[in-house]
Amino acid sequence: MGLNSARYVLREVGSSLRRNIWLSIASVLTIMIAMVILGASLFFFLNAANLAENFESELEINVFTQEDLSNMEVSALGERLKGLDGVQSIELITKEQALAKFAQEYSESLVEDLGGENPFPDSYKVFVTEPELVEGVAKKIDSLTGVDNVVYGKEVIGPLLQFTNWLRWVGMGVVAIFAVASIVLISLNIRMTVYSRRKEIEIMKLVGASNSFIRWPFLLEGMVVGLVGGLFATLIVGMGYDWFAQYIQSTLTFVPVVSESNLIWKVLALLVLIGMGIGALGSIISLRRFLKV
Amino acid sequence: MIQMTNVAKIYPNGARALVDISLKINKGEFVFLVGPSGAGKSTLIRLLYREEMASRGQVIVNGWNILRMREREVPHFRRNIGVIFQDFKLLANKTAFENVAFALEAIGVSPKEVRLRTKKMLKLVGLGHKENAFPDELSGGEQQRVSVARAIINNPSLLVADEPTGNLDADTAWEIMELLYNINRRGTTIVMATHARDIVEQMQKRVIVIEDGRVVRDENMGAIEYGT
């Protein structure tokens with residue numbers, strides 16, 4: 001496309017947006033609403049996934065040592081635990097720590113009744129890399145020497161994994177449904193825009209304008225509309241999520257909320273890009289029908 | 001200029017708009033296409049600027065074989081053909097000047113040249129004083145002048161017109177015919193479909209009568225007689 005045409009196209013985009021101001025506003029609003037919906041469902045998914053991961057990371061294996069082990073034998077066991085496949089980290093809880101925790105959680109008087117005796121053994125908390133590995137690792141630990149007892153949420157793991165998987169699916173489903181809704185919304189709007197200008201396209205073709213010349217103003221217009229709509233959506237979703245996260249954290253303190261600003265910015269930037277992309281792509285697709293001779 | 005050989009046009013719904021048309025129009029001719037409504041005049045006109053494709057036969061315009069033309073060649077082909085319609089087809093949100101300038105901008109002419117040529121062309125069709133008026137501020141005759149200006153600003157060698165006076169009163173219609181007459185005298189071939197009996201009779205140009213998708217008469221300097 002030549003310089004003259006480029007100049008014409010830019011001028012045309014500006015004047016067309018101005019002359020069809022209500023349609024432009026409607027298009028911006030449509031993309032904005034679609035991107036707000038998409039953004040909200042993306043954050044829903046992120047949090048659902050985050051929640052699932054959080055639950056899973058709570059899965060731990062408690063390894064109780066035999067009572068007569070020396071300190072050295074206990075730490076040797078620790079080394080062996082660390083060396084097992086699938087083990088991410090371990091944490092030693094000495095018998096003193098266990099007693100103190102017990103006293104704190106239940107009652108001092110109960111401890112005093114023990115008369116200086118400490119019934120707790122040294123123990124390890126073992127965290128695995130994947131929740132699915134808990135059972136296998138626990139069995140292996142059980143066969144190590146010096147291990148008295150292995151306790152893990154045997155009955156809990158199955159349902160928990162089911163629940164967390166379900167949570168992820170629901171998150172993805174919500175994103176998918178609203179993504180489709182957004183696309184429908186936007187394509188309806190674009191069809192309206194192109195329809196309102198079909199006469200212009202017809203005449204452009206009549207006077208011998210090439211298809212690319214006809215396409216460019218629509219493409220740029222779609223991108224501008226998408227960009228503006230995406231930016232508004234980003235503002236709304238960003239502020240809305242900020243408020244929501246604070247609200248949750250102050251009322252439901254035990255529910256983890258995704259709050260890494262890096263990730264949040266990525267999602268918001270994605271919204272602007274998708275808005276622009278949909279605006280441009282939508283124009284091209286809707287135009288195809290009209291450009292056929 | 002134009003050569004049609006055994007052309008037929010059958011629409012997907014089975015309607016046979018053109019059955020068997022063969023005709024030849026030379027450079028510089030002024031030709032009227034007449035015939036009752038639904039005879040196929042408009043279809044024939046649309047074949048000439050490749051708005052529609054013939055189902056059978058051969059159409060050659062300006063040396064281009066329309067049926068063998070590639071999609072991306074169509075814009076270039078059209079730049080050498082001007083088209084005017086009964087309903088003018090002006091853009092309502094553009095001024096008279098912009099409507100005409102559009103045809104030049106669409107093919108990448110420089111802004112300076114666009115201004116110059118558009119102004120000159122509007123003067124030529126007698127609208128130099130109304131270049132900033134929007135279509136709804138112009139009379140029917142004036143709107144048709146704008147559309148004529150747009151059609152011929154690229155100096156096309158062929159101008160096709162589909163009932164260009166159909167929406168105009170008798171006096172205004174004659175003004176447009178005078179304009180077309182002058183354009184033809186400068187060498188542009190004109191093919192015009194019309195119902196206006198008085199115009200055809202007075203202009204004394206070649207008349208092709210179409211009925212039921214066939215050429216039933218083709219006479220030079222002929223008056224028309226056809227069923228209504």
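This is a predicted model: local features need pLDDT of at least 70, side-chain atom pairs count only at pLDDT 80 or more; totals for chains, interfaces and linings use all residues.
Residues are numbered from 1 along each chain as its sequence is written, chains are lettered from A and ligands numbered from 1 in the order in which they are written, and side-chain values use heavy atoms, with hydrogens and water left out.

**View 1. Where chain A meets chain B.** Here 21 residues of chain A are in contact with 27 residues of chain B (contact means heavy atoms within 4.5 Å). Together the two chains bury about 2,100 Å², 56% of it on carbon and sulfur atoms; buried area is the accessible area (1.4 Å probe) that two parts lose on being put together, summed over both.

**View 2. A salt bridge across the interface.** Look for Lys89(B) and Glu202(A), whose closest N and O atoms are 3.4 Å apart in a salt bridge (a side-chain nitrogen of Lys or Arg within 4 Å of a carboxyl oxygen of Asp or Glu). The rule finds one salt bridge across this interface. Glu202(A) and Lys89(B) also join Asp87(B) in a network of salt bridges. Over all chains, the structure holds 14 salt bridges.

**View 3. Two pairs along helices of chain A.** Helices here are DSSP runs (H or I, at least four residues), numbered from the N terminus. Glu79(A) and Lys82(A) form a salt bridge at 3.8 Å, N to O. Why can they pair up? They sit three residues apart in helix H3 (residues 71–83) of chain A, so about one helical turn separates them. Glu79(A) is exposed, at 51% relative accessible area, and Lys82(A) is partly exposed, at 49% (buried means under 20%, exposed over 50%, partly exposed in between; 1.4 Å probe, protein chains only). In helix H6 (residues 134–142) of chain A, Glu135(A) and Lys139(A) are four residues apart, again about one helical turn, and their closest N and O atoms are 4.0 Å apart in a salt bridge. Glu135(A) is partly exposed at 38%, whereas Lys139(A) is exposed at 57%.

**View 4. A loop tied to a helix in chain B.** Lys130(B) and Glu142(B) meet in a salt bridge of 2.8 Å, N to O. Lys130(B) lies in the loop between helix H4 (111–124) and helix H5 (140–152) and Glu142(B) in helix H5, so the pair ties together parts 12 residues apart in sequence. Lys130(B) is partly exposed, at 27% relative accessible area, while Glu142(B) counts as buried, at 17%.
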